[in-house]
Amino acid sequence: MVTMTYGEAAKNALHEEMQRDPTVWALGEDLRRGGVFGQYKGLPELYGPDRISDAPISEAAIMGVAVGAALSGTRPVVEMRFADFALCAVDELVNQAAKARYMFGGQAKVPIVVREPMGMWRSSAAQHSQSLESWYTHIPGLVVVCPSSPVDNYGLLKSAIRCDDPVVYMEHKNLWALEGEVDNNDPLPLGRCRFLRKGEDITLVSWSATVHEAMAAAETLTGEGASVEVIDLRTLWPWDKERVFDSVKKTGRLIVAHESVQAGGFGAEIAATVSDVLFGDLKAPVKRLGAPRVPIAYAPPLEDTVRVTAVMIAECARALMKE
Amino acid sequence: MTADPRAPAAARNLDLDRLLAHHKLMWRIRAFEEAALRANTEKLVLGAIHPSIGQEGIAVGVCSNLRTDDILASTHRGHGHTLAKGANPTAMMRELLGREGGTSHGKGGSMHIADFSVGMLGANGVVAANIHITAGAAHAIKLRGEDRVACSIFGDGAINRGPFLEGLNWAKVFELPALFVCEDNGYASTTRTADMTAGKGPAARAEAIGLPAMEVDGNDVVALDEAVRDAVAAIRAGGGPRFINAKTYRLTGHTAADPDGYRARDDVAAAWKRCPITRLAQALADAGVRGDQLAAHERDAIEEMDAVYDDAKAAPWPPLDRAFADVQDIGDPRKDAY
């Protein structure tokens with residue numbers, strides 16, 4: 001049992017995977033200085049400039065080079081710095097990485113991990129704060145992962161690196177310093193959710209930083225006598241439908257909470273699927289809690305207007321439990 | 001001393017066996033494209049095809065200097081490149097017709113034709129996208145300490161997209177074993193490239209990024225063969241990336257469906273006289289090669305590609321479950337499509 005931060009957990013995972021597999025290498029801007037969030041600190045000294053590689057501010061080239069290098073026998077870990085910047089490389093991710101295996105009839109796979117730090121963080125405003133995970137769930141060929149804790153960031157990054165598919169790996173910028181216990185050295189399975197709390201009355205599904213809001217809400221609700229189940233989805237595609245179904249069958253109530261814009265968010269996919277499959281088991285309508293469809297503002301009070309908070313989740317849950 | 005291109009072959013030290021092979025391969029590409037156009041007319045190719053008729057010299061001049069394990073990444077106009085890299089035309093034609101046994105099992109078609117077994121990493125439907133993929137392949141070659149070379153061939157329209165700058169810069173910064181060849185046919189889709197391009201053109205831009213760059217007549221396969229041979233030798237020796245701008249002319253429309261109304265008929269007719277096959281045939285005839293030997297290349301190529309087309313027509317459609325295969329391992333749509 002070791003305590004480490006969310007950022008250190010990812011660094012340790014990458015370090016161990018690079019040690020295990022000489023074809024793994026990382027490329028991105030400022031990696032030789034340890035990465036913009038320090039998430040590569042120490043690795044340049046251990047692995048040299050070939051395997052922890054700097055890059056020009058050319059996101060499209062970083063992603064496109066990774067695709068070519070993945071088609072040629074290496075396993076690149078791509079650092080996009082901010083998920084917002086990965087939009088400069090959407091052709092390379094969506095038209096190339098996600099399509100190459102299919103359109104070339106399975107002649108090759110594209111084993112890349114695309115690290116896209118996401119989410120609201122310290123007044124970063126409209127171009128450095130977005131949560132765009134739902135976009136990638138829409139693209140056949142991609143796996144989408146959004147870890148919420150050190151233990152998951154460690155185990156899921158390991159699995160993402162070992163996975164032969166292109167994985168969009170979205171770490172939340174506000175979680176880098178979060179400490180937690182990492183209790184194993186093994187990869188964690190992609191596509192499996194984690195039950196953070198078992199309960200009987202209502203199911204809260206979330207991912208990334210909003211998981212911590214859901215847990216805080218559950219704490220409050222438990223104090224009020226409710227029994228709350230909290231599921232951290234961890235992988236958005238493929239999402240762990242069966243376990244979510246099992247939970248909602250039991251509780252009959254579901255709230256999906258996420259930081260990203262609610263309209264067209266991945267909560268809509270979960271809500272629609274659960275409403276369709278479990279219509280007869282539901283005691284209340286499935287609820288989504290996401291951000292309003294506005295860009296993220298700079299001033300903290302304005303920024304806060306788009307946040308999904310524990311208070312909002314608890315309030316929504318109380319209303320549902322009256323039904 | 002620079003040999004006079006009009007001088008007899010012996011005076012230019014031409015390797016006649018090599019040039020006869022080039023002549024034969026250019027005819028095979030021409031005949032493949034003609035068969036593909038026929039398949040389009042007969043509505044057996046339903047998607048877009050971009051014929052390379054008139055540009056065969058570049059496919060042959062470049063690919064004949066690449067080893068099978070060297071990498072090539074191509075464009076939407078990639079049939080000739082793929083054939084010249086060593087792919088099997090039967091599998092290629094089946095792919096164009098979307099049939100079982102196609103290079104991509106009928107899932108890619110003309111614009112995504114690929115044969116990884118001969119180092120051909122795919123035609124690409126997005127202009128300039130192959131430049132990054134080539135830089136990436138070259139990066140992997142360098143990381144692995146191999147002596148292979150990665151090459152991309154793209155059109156002159158590609159120099160106005162970001163990957164031209166980003167990919168060439170990358171290749172130079174990391175001194176990668178990459179050859180970039182611009183197949184400069186003067187048109188970006190159906191628009192004159194010169195009308196939409198500032199500055200002095202592809203080679204000047206490449207030079208500005210620090211790549212040794214040269215202009216070659218891409219319809220003179222003898223000259224291009226030499227230029228590519230020298231460039232590949234320098235790259236393989238660790239000399240870093242190089243750039244060749246090969247001037248050519250597309251003798252058909254942009255796609256099989258393009259009536260080519262934007263070019264004067266006289267210009268196209270004049271260009272046919274400069275076609276790389278005609279020019280090499282003339283050089284070979286001047287060098288004493290018999291006309292019937294050259295005619296046999298044409299006849300054999302047409303016969304071969306007619307048979308290839310007949311085979312593709314008779315081939316079955318792929319099984320329907322193929323639509324769900326080779327998407328991804330985690331979240332495999334055969335179990336998890338919705």
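1. Domain layout of chain A. In this predicted model, the C-alpha centres of domain 1 and domain 2 of chain A lie 26 Å apart. Domain 1 covers 2–182 and domain 2 covers 194–321; these bounds come from an automatic or database domain assignment. Local features need pLDDT of at least 70 and side-chain atom pairs count only at pLDDT 80 or more, while totals for chains, interfaces and linings use all residues of the predicted model. Residues are numbered from 1 along each chain as its sequence is written, and chains are lettered from A and ligands numbered from 1 in the order in which they are written.

2. Domain 1 of chain A gives 26 residues to the contact and domain 2 of chain A gives 23. Residues are in contact if their C-beta atoms, placed from the backbone, lie within 7 Å. On the domain 1 side, α6 (133–137), β6 (143–145) and α7 (150–162) of chain A give two or more residues. Helices (H or I, at least four residues) and strands (E, at least two) are DSSP runs, numbered from the N terminus. That side divides into 14 nonpolar, 10 polar and 2 charged residues. Ala, Val, Leu, Ile, Met, Phe, Trp, Tyr, Cys and Pro count as nonpolar, Asp, Glu, Lys and Arg as charged, and the others, Gly among them, as polar.

3. Interface between chains. Here 40 residues of chain B are in contact with 39 residues of chain A. On the chain B side, α5, α6 and α12 (333–336) each supply at least two residues. α5(B) gives the most, with 11 residues. By class, the chain B side has 19 nonpolar, 15 polar and 6 charged residues.

4. Helix α6(B). This helix spans residues 162–173 of chain B. Its buried residues include Phe164(B), Leu168(B) and Trp170(B); buried means that 20 or more other C-beta atoms lie within 10 Å of the residue's own, with C-beta atoms placed from the backbone. The buried residues of α6(B) pack against α3 (59–70) of chain A, and against α5 (129–143), β3 (178–184) and α7 (202–208) of chain B. Just after the helix, Glu175(B) takes a positive phi of about 50°.

5. Sheet of chain B. Five strands form an open, parallel sheet in the order β1-β2-β3-β7-β6. Strands pair if DSSP finds at least two bridges between them. β1 (71–73) and β6 (213–217) of chain B each have a single partner strand, so one side of each is left without a neighbour in the sheet. β1(B) runs parallel to β2 (residues 150–155) of chain B, joined by 3 bridges. Ile71(B) stands opposite Ala150(B) in β2(B).

Notes: Two residues are in contact if their C-beta atoms, placed from the backbone, lie within 7 Å. The expected span of a helix is 1.5 Å times one less than its number of residues. A residue is buried if 20 or more other C-beta atoms lie within 10 Å of its own, exposed if 12 or fewer, and partly exposed in between; C-beta atoms are placed from the backbone.
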